[in-house]
Amino acid sequence: MASLDSVPLSTLQVGYGARRNSTLICAPVMAESVDQMVEQMRKANQLGADLVELRVDFMKNFRPRHDLEILIQYCPLPTLVTYRPVWEGGRYKGDERKRQEALRIALEVGADYIDVELKVAHEFFDYIEGKKPDKSKIIVSSHNYQNTPPVEEIGDLVARIQATGADIVKIATTALDITDSARVFQVLVHCQVPMIGLVMGEKGLISRVLCAKFGGFLTFGSLEAGFISAPGQPTLKELLDLYNFRQIGYDTKVHGVIGNPIGHSKSPHIYNAAFKSVGFNGIYLPLLVDSVTSFLDTYSSPDFVGYSYTIPHKEAGLKCCDEVDPIAKAIGAINCMIRRPTDGKLMGYNVDYLGAISAIEERLKGLKGTNHASGSALAGKLFVVIGAGGAGKALAYGAKEEGARVVVANRTYDKAKELASKVGGGAITLAELENFRPEDGMILANTTSVGMKPRVDDTPIPKKALKHYSLVFDAVYTPKLTRLLREAQESGAAIVYGTEMLVNQAFVQFERFTGFPAPKELIRDVLARNA
Ligand code: NAP
């Protein structure tokens, strides 16, 4: 097991009151009228933004001098005026000279920042003849909606932007893969002028959060979910409350959950809140990964330290480990990976089985007629596992470890047979499951994703078969009460929620990530609040 004991706490703990980076959070406001813009600016201020981007290309009947004077005067925060043309992904379709005149007026009436697209930056600087108020800064921007170029090309782009006379460089590219953000980070840390470096799209989320670690000038946070000016933008609330953006420093340790899809994961809510509660200098992100190998090869610096693994990467994760604990090796899947601080080696663990098995044992102990005077309450029970993936293996090995007799049912029968032979149990098809009743009082564990949101009406076994089970566990935890668990309850079985597996294994992972005891109550609360 990896130990963080040897790492002095001073490098791991931070004061969560203080701001630990200078990266600004900018809220884009996009409305059709001045009044709506003013209302959104106020909201941005209340939600904790540092500045607002006035996307005047969204306004109907925009009268530059008149409207900008009002907007800038009434804005409770510094302003960035952007008048994005359609040819750079915005809405303005009119005359280019009029657009540049509006940007010039923005400078004249007191905008703190204006955004000028690289394609016309030289023309604009000639047009204003170097005349701009000292307090105003010009951001020269380049947007690539197709991809993220190689690092040399991004470097060249930065040089071209700098050469225009820009005060601030802005490069926004598009993520085709999570590793694309690494090239932007590489340029960000070496850039000699203030730089905004963001990678758009869901796979670019980490660029929008970790820019605080790598010295980005600003990031964008939307007023509400879906109200975004570019794909993949988090909300202000997510940046501030979920990712603790103000507390990210250059030395913050990066963690995350590796999966695909990953948007539904509650893990970032759990670990970020738990890190904060003990003052741990870490961040935890959802990591939408296509290839585990290329993710780990790309983010190989010592600050990328700990991962949870979920569908479909638990088995690929194991193959990337330098060392694997014996149970994870037997299961053939990991759900936790730690970069050992002493030598950077990647250590793999499987703590799924600990979470689920202990929750099932606890519940069994509360049932009448269960003899647990000596050993596990699972000893001697017939334990039916549906599924033979990562969670299925964890449950099958865990149940076997506690002395249960295991039967595996799986859609792909060969996998059921393979797992059953490893745990010395039996294998059946999903069709056989319906009439499978060698005895009453069996235990059932669903470890497939059947019944998971959005397909909440699905269930892996007909209700009539459930009467032969005394306890039913469902690894699915979105929703908490799945159709399987509801029907099991109606059939008289005790139930164990998937959230119990999640919560128990979260305690173990937290302790491995941080070296601190898990704040158990807080983790339970966060899970309940985000259910
Ligand atoms: P996995 O390794 O990809 O395995 C998926 C399993 O589900 C396989 O056995 C697969 O059968 C089966 N399956 C998938 N779709 C199916 C369908 N439509 N009908 C029948 N069987 C189907 O995934 P995993 O990591 O084991 O995760 C499985 C579930 O457990 C997920 O819902 C996950 O969220 C949940 N989980 C929960 C926790 C927790 O803490 N509560 C922890 C881990 C996992 P084939 O072999 O035929 O493909």
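This is a predicted model: local features need pLDDT of at least 70, side-chain atom pairs count only at pLDDT 80 or more; totals for chains, interfaces and linings use all residues.
Salt bridges first: a search of the whole structure turns up 36 of them. One joins the side chains of arginine 99 and glutamate 117, at 2.8 Å from N to O. Arginine 99 sits in helix H4 (residues 96-108) and glutamate 117 in strand S4 (residues 113-117), so this pair ties together parts 18 residues apart in sequence. Arginine 99 is buried, at a relative accessible area of 0%, and glutamate 117 is buried with 0% as well. Both belong to a network of salt bridges that links Arg84, Glu96, Arg99, Asp115 and Glu117.

A second bridge, 2.6 Å from N to O, brings together the side chains of aspartate 303 and lysine 213. Here the partners are 90 residues apart, with aspartate 303 in the loop between H11 and strand S11 (304-309) and lysine 213 in the loop between H8 and strand S8 (218-220). Aspartate 303 counts as buried at 17% relative accessibility, and lysine 213 does too, at 8%.

Then there's the bridge between aspartate 241 and lysine 237, at 3.1 Å. These two are 4 residues apart in helix H9 (residues 236-242), or about one helical turn, and both are exposed.

Helix H7 (residues 180-190) has several buried residues, among them Ala182, Val184, Phe185 and Leu188. Their cover includes helices H6, H8 and H11 plus strands S6 and S7.

As for asparagine 446, its place is in strand S18 (residues 442-446), and it is buried at 0% relative accessible area. Its side chain makes a 2.8 Å polar contact with that of threonine 448.

Key. Residues are numbered from 1 along each chain as its sequence is written. Side-chain values use heavy atoms; hydrogens and water are left out. Buried means under 20% relative accessible area, exposed over 50%, partly exposed in between (1.4 Å probe, protein chains only). A polar contact is a pair of N or O atoms within 3.5 Å; within protein, one must be able to donate a hydrogen and the other to accept it, and residues adjacent in sequence count only if both atoms are side-chain atoms. Contact means heavy atoms within 4.5 Å. A salt bridge is a side-chain nitrogen of Lys or Arg within 4 Å of a carboxyl oxygen of Asp or Glu.
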